[in-house]
2 protein chains.
Amino acid sequence: MTSELSLTGYPPQDLLLREDFIKKTELYKTKLISLSKNKKTIIVLNVPNNEKGKLYNSLFLFRNGSIVFKKDKSILPNYGVFDEKRYFKTNGVDKDFFIYKESKIKFLICEEMWSDDYMSHNKKNCDFVISLNASPFELKKFNIRKKIAKKNIQNYNSNLIYLNLVGSQDDLIFDGGSFVMNRKGQIVFQGNFFSDEEYIVSENEINCFKPSKKKFDELENLYSALVYSLRNYMHQNRFKKAIIGLSGGIDSALCLMITADALGSENVNSFFLPSTYTSSESKKDAYQLAKKLEIDLKDISIESMRKKILNELSFLFEGLPQNITEENIQSRIRGLILMAVSNKFNSLLIATGNKSELAVGYSTLYGDMCGGFSLIKDIYKSQVVQLVKWRNEHLLDNFKIRETNVISNNIICKEPTAELKPNQKDSDTLPNYDILDKILEHIIDRRSDISSIMKSGFSKRTIKKVWKMVKNSEYKRYQSAIGPKVSQMSFDKDRRFPLTNKFVI
Amino acid sequence: MTSELSLTGYPPQDLLLREDFIKKTELYKTKLISLSKNKKTIIVLNVPNNEKGKLYNSLFLFRNGSIVFKKDKSILPNYGVFDEKRYFKTNGVDKDFFIYKESKIKFLICEEMWSDDYMSHNKKNCDFVISLNASPFELKKFNIRKKIAKKNIQNYNSNLIYLNLVGSQDDLIFDGGSFVMNRKGQIVFQGNFFSDEEYIVSENEINCFKPSKKKFDELENLYSALVYSLRNYMHQNRFKKAIIGLSGGIDSALCLMITADALGSENVNSFFLPSTYTSSESKKDAYQLAKKLEIDLKDISIESMRKKILNELSFLFEGLPQNITEENIQSRIRGLILMAVSNKFNSLLIATGNKSELAVGYSTLYGDMCGGFSLIKDIYKSQVVQLVKWRNEHLLDNFKIRETNVISNNIICKEPTAELKPNQKDSDTLPNYDILDKILEHIIDRRSDISSIMKSGFSKRTIKKVWKMVKNSEYKRYQSAIGPKVSQMSFDKDRRFPLTNKFVI
C-alpha cells in the first residue's frame with residue numbers, strides 16, 4: 001500500500017488535464033499489475049483513472065495479474081489548498097467492502113475519512129478501515145487526524161490504518177506520521193514524521209497496545225517541517241547550495257539556522273550587505289552567528305552602489321522629499337546582489353520575510369522578497385521568536401548542525417528594525433508584533449469580522465489599519481516566492497483574494 | 001437587470017468565505033428590495049446568497065418590496081479561471097419559469113446557458129430566455145457565445161437576451177457585448193463592447209431585424225481589450241500615471257502605444273536605459289517613437305551602474321566566465337531604476353514581456369519582469385506583430401492617440417534582441433518565433449502530446465526543448481505580475497502547474 005496518488009505526486013494540478021500524462025500513469029499502473037503476477041502480495045494503488053473520458057481518483061487492488069477491487073474517490077475536497085473538483089468526477093458514495101481471507105476491509109481515500117456524509121452511508125461494522133491520504137502538514141493537524149480516526153473507528157467499529165503521503169511539493173508538506181489505531185482508539189503503531197520508510201505491521205501488534213513514551217511537540221514538528229520542506233525543494237529542483245542575506249535580525253538568523261540544519265554549513269553561503277544605516281550591533285550579531293555556524297560570510301557594502309544610484313537619479317528626484325523610494329532602493333540593491341550570486345553559483349536564494357511582514361506589505365517587492373524559496377512566509381513574527389527559542393534548546397538527529405544555543409539573546413531580544421533610514425523601528429509603522437500577529441490571525445486565519453476582533457480587546461482604528469495594509473499588499477504577495485505552508489491559511493494555494501478589491505471591514 | 005454578480009464583482013474569490021462580506025451583500029439586497037416599493041419596475045439581481053449556512057449564487061426578482069422569483073445557479077463552472085465549486089452549493093437543476101403578463105421567461109445564470117445537461121432538463125417552449133453572465137473576454141469568444149445562444153434558442157424555441165458583465169478585475173476582462181437574439185437566431189440588438197451603458201430594448205425591436213453593418217474584427221477587439229483592461233486596472237487601483245522602459249523593440253513599443261491610447265500621452269513617462277550593448281538603432285527607434293507620441297522620454301544610462309556593480313562583485317566572480325548572471329544584472333538595474341521612479345512618482349510600471357518570452361523563461365525575474373501590470377503577458381510574439389500592424393492602420397474613437405502609423409517599420413521588422421551582450425539575437429537561444437509560437441500554442445493552449453505536435457511538422461528535438469523551457473520557468477511565472485487574460489489559456493488563473501514537476505513529453 002502506498003499513500004494517495006503516490007505515483008503522480010500530490011497535487012498533480014493541471015498535469016491531470018494532459019492526456020499524455022494520464023496515459024503515462026496508465027502505463028505504470030499496467031506495469032504494477034504485471035508485477036503482481038504469480039505473487040502472493042496484493043498491491044494497493046491509488047491513481048488518476050480515465051474512464052470513458054471522465055477522470056476519477058481511483059483505488060485499485062492488484063492480485064496475481066488482475067484487478068480484484070476498485071473504487072472511485074467519492075468525496076472531493078475543493079477548499080483551502082484543494083481543487084479536486086477541477087479534475088475529478090465522482091460516482092456517488094460507494095458502499096463496498098473488500099473481503100480478504102476472513103477480514104472485512106473498508107478502503108477510504110483521504111477526504112472520505114473526514115466526511116460525516118460518507119460515514120452515514122457506510123454505517124457497517126468491519127475489521128479494518130484503511131485510509132490512504134495526502135494530507136498536507138499544518139500546525140496541530142496531527143491531533144485532528146487522530147480525532148477523526150477515532151470517529152471512524154466508532155462508526156465502523158473497526159481497527160484503522162491511516163497511511164499518509166510523506167514528501168513535499170512546492171508549498172505543500174506531507175508529514176507522513178502514518179499510524180495504526182485499534183478498536184479502542186489506541187495508537188498501536190506510529191510511523192515516522194518527515195521521513196519515508198516501509199513499514200510492515202503484523203496483526204499481532206494491533207492487538208497489543210504499548211503506550212508510546214514519545215511526547216509530541218508542536219514546535220519540534222514545525223521546525224522539522226521547515227527543514228524537511230527546504231531539503232526536498234532543493235533536492236527536487238537540483239540545487240545543492242543555498243545563499244542567505246543576513247541583516248543581524250531574527251528572521252534571517254532563523255532562516256540561516258534552518259537552512260544550515262537542512263543542508264549543512266558547507267552548503268550555505270551568507271552575505272552581509274550593510275549601508276550607512278546598518279548598526280555596528282547588526283554587524284556584530286550577523287558575524288557572530290555565521291561564525292558559530294561555521295558558515296562562510298561575505299561582507300558587501302551596498303553604500304557606494306546606493307550613492308551611485310541616488311546620484312544617477314538625482315536629476316529626476318531633485319527637490320523631492322526622501323520617502324519609501326530611497327528605502328526600497330537599498331533593499332533592491334541587496335536583492336540584485338544576492339540574485340547575481342545565486343545566478344553565478346547556481347545556489348538557491350532563500351527569502352527571509354515572515355508572515356507578519358508579508359501580510360501587511362512590510363517588505364520590498366524585488367528587494368527582500370527576492371528568492372526562490374520563501375522559507376518562513378507562513379510563520380508569524382511571534383512564531384519566529386518561539387522557533388528560535390525552541391531550536392536554541394533542542395537538537396534532533398537529522399539536523400546537520402550539532403549545536404544548541406546558536407542564536408544569541410541579543411538577536412532574539414532586540415527591537416525589530418529594517419535599518420533603511422536613521423533610527424528606524426518596525427514599530428514606527430506597524431503595531432507591536434504581539435498585537436499585530438493576533439489581529440492578523442483574526443483577519444487572515446479566522447476570517448473574523450471587526451466586531452469579534454474588537455471583542456478580543458483591539459481598537460477599531462488599529463484593526464481597520466491592519467485590514468487596509470493587508471488589502472493593499474495583495475499585489476505584492478501575488479508576486480512573492482513560494483514557501484512552505486505550515487498554517488491553516490498560507491499565502492500560496494490557500495488564500496485567494498482579488499488584488500483589486502475595495503471591501504472594508 | 002444587471003449581469004452576474006454585478007454587486008460584488010466577479011469573481012469575488014475568498015471574499016465569499018467572509019461572513020461580513022456576505023452580510024454586506026445581504027444589506028444591499030435588502031436596500032434594493034425596498035427601492036422596488038411602490039414602483040412598477042421589477043429588479044433582477046444575481047447575488048451570493050447564504051441560506052442556512054450554505055452559499056448559493058442566486059437570482060432574485062424584486063417587485064413592489066418583495067421577492068417574486070428566486071432561483072439558485074445549478075451549474076457551477078470549476079475549470080479554467082473558474083472556481084465556483086469552492087464557494088457555492090447547488091440544489092440540482094431548476095425547471096422554473098417566470099411568468100410576466102403573458103410572457104413565459106426562463107432565467108439562466110451564465111454556465112447554465114452552456115450546459116447540455118441543463119438544457120435537456122428544460123426542454124420547454126418559452127417567450128424569453130434571459131441569460132445573466134460574467135463571461136471573461138477571450139479572443140474569438142464572441143462567436144462562441146452566439147453559437148451557444150442559438151443552441152438555446154432552438155432548445156427553448158424562444159427569443160434570448162444575453163446580458164454580460166462589462167468591466168475588469170485583475171486579469172479578467174469582461175467585454176460586455178450584450179445582445180438580444182430573436183427566435184430565428186438573428187441579433188436584433190447589439191450592445192457595446194468595453195463600455196458600460198444602460199440599454200432599453202422594446203419588444204417591437206425584437207420583432208424587427210435590421211442587419212448590422214459593423215464588421216467584427218478580432219484584432220480590434222483584442223487591442224481594445226488591452227486598452228480597456230489597463231485603463232480599468234489603473235483607475236480601480238488609483239493610479240493616474242504609468243511608466244514604461246523602452247528598449248527600441250516591438251514589445252515595449254506596443255505597450256507604450258496601448259498605454260498612451262488608454263491614458264493619454266500626458267500620463268505616460270517613458271525611459272530609455274542603455275548600456276554599452278545598446279545599439280544606436282535602438283536608441284533612434286525609441287526616441288522616434290516617444291517623439292511621435294509626444295511622450296516624455298528620459299535617458300538614463302545604466303552603464304556606470306553596471307560597471308560599479310560588476311566591480312563590487314569582482315572579488316567574488318574573478319576568474320569565472322561571464323554568463324547569464326551579467327545579463328541579468330543589466331536587466332535588474334533597469335528594473336530597480338524603473339521601480340524607483342514608480343515609487344517616487346506613484347506611477348504604475350508596465351511590464352512589457354510577451355507570452356512567448358514568459359512561456360520559455362526568456363525574461364529576467366526582478367528585471368524586465370518588474371511591474372504592477374504585465375500588459376501583454378498573454379500575447380504571443382507573433383500576435384504582438386499583428387497588433388502593431390493593426391494599430392498602425394486603425395484608430396477607434398476611444399483611443400487617446402489620434403494618429404495611425406506611429407510604430408515604424410524599422411521597429412516591426414528588425415530582428416528581436418535583448419541587447420544584453422554583444423551581437424545577441426533571440427534566435428541564438430530560441431527557435432524562430434513563428435516556430436516557437438506554434439509549438440507553444442500546442443503545448444500550452446491545446447495541451448497536445450508530442451506525437452500530435454510532430455504531425456504539425458516540428459522536430460521531436462525542438463518540441464522537447466520547448467517543453468523543458470516551459471517546465472523550467474514555472475517558478476518565474478509564479479512570481480510574475482498579473483496581466484490581462486485574452487486567450488483561452490492565460491498564465492494567471494487559467495494554468496496551474498506544479499513548480500516542482502518532472503513530467504516529460
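Contact here means C-beta atoms, placed from the backbone, within 7 Å.

Ground rules. This is a predicted model: local features need pLDDT of at least 70, side-chain atom pairs count only at pLDDT 80 or more, and totals for chains, interfaces and linings use all residues. Residues are numbered from 1 along each chain as its sequence is written, with chains lettered from A and ligands numbered from 1 in the order in which they are written.

Now the interface. 58 residues of chain B are in contact with 58 residues of chain A. Which helix of chain B gives the most to that side? Helix 10, with 12 residues. Helices 1 (19-35), 6 (218-236), 9 (303-317), 10 (324-345) and 18 (474-478) of chain B each supply at least two residues. Helices are DSSP runs of H or I, at least four residues; strands are runs of E, at least two; both are numbered from the N terminus. By class, the side of chain B that touches chain A has 29 nonpolar, 13 polar and 16 charged residues. Nonpolar means Ala, Val, Leu, Ile, Met, Phe, Trp, Tyr, Cys and Pro; charged means Asp, Glu, Lys and Arg; the others, Gly among them, are polar.

Next, the sheet. In chain B, 5 strands form an open sheet, order 14-13-12-15-16, with parallel pairing. Pairing takes at least two DSSP bridges. Strands 12 (241-246) and 15 (347-351) of chain B pair over 3 bridges. B:Ile243 has B:Leu349 in strand 15 as its bridge partner. Helix 7 (250-263) of chain B packs on the sheet, touching strands 12, 13 (268-272) and 15 of chain B. The direction of helix 7 makes about 165 degrees with that of strand 12 of chain B. Axes are fitted to C-alpha atoms, for helices over the stretch in contact, and angles run from 0 to 180 degrees between N-to-C directions.

Last, A:Leu254. Leaving aside neighbours within four places in sequence, A:Leu254 contacts A:Ile376, A:Val384, A:Leu387 and A:Val388.

Notes. Two residues are in contact if their C-beta atoms, placed from the backbone, lie within 7 Å.
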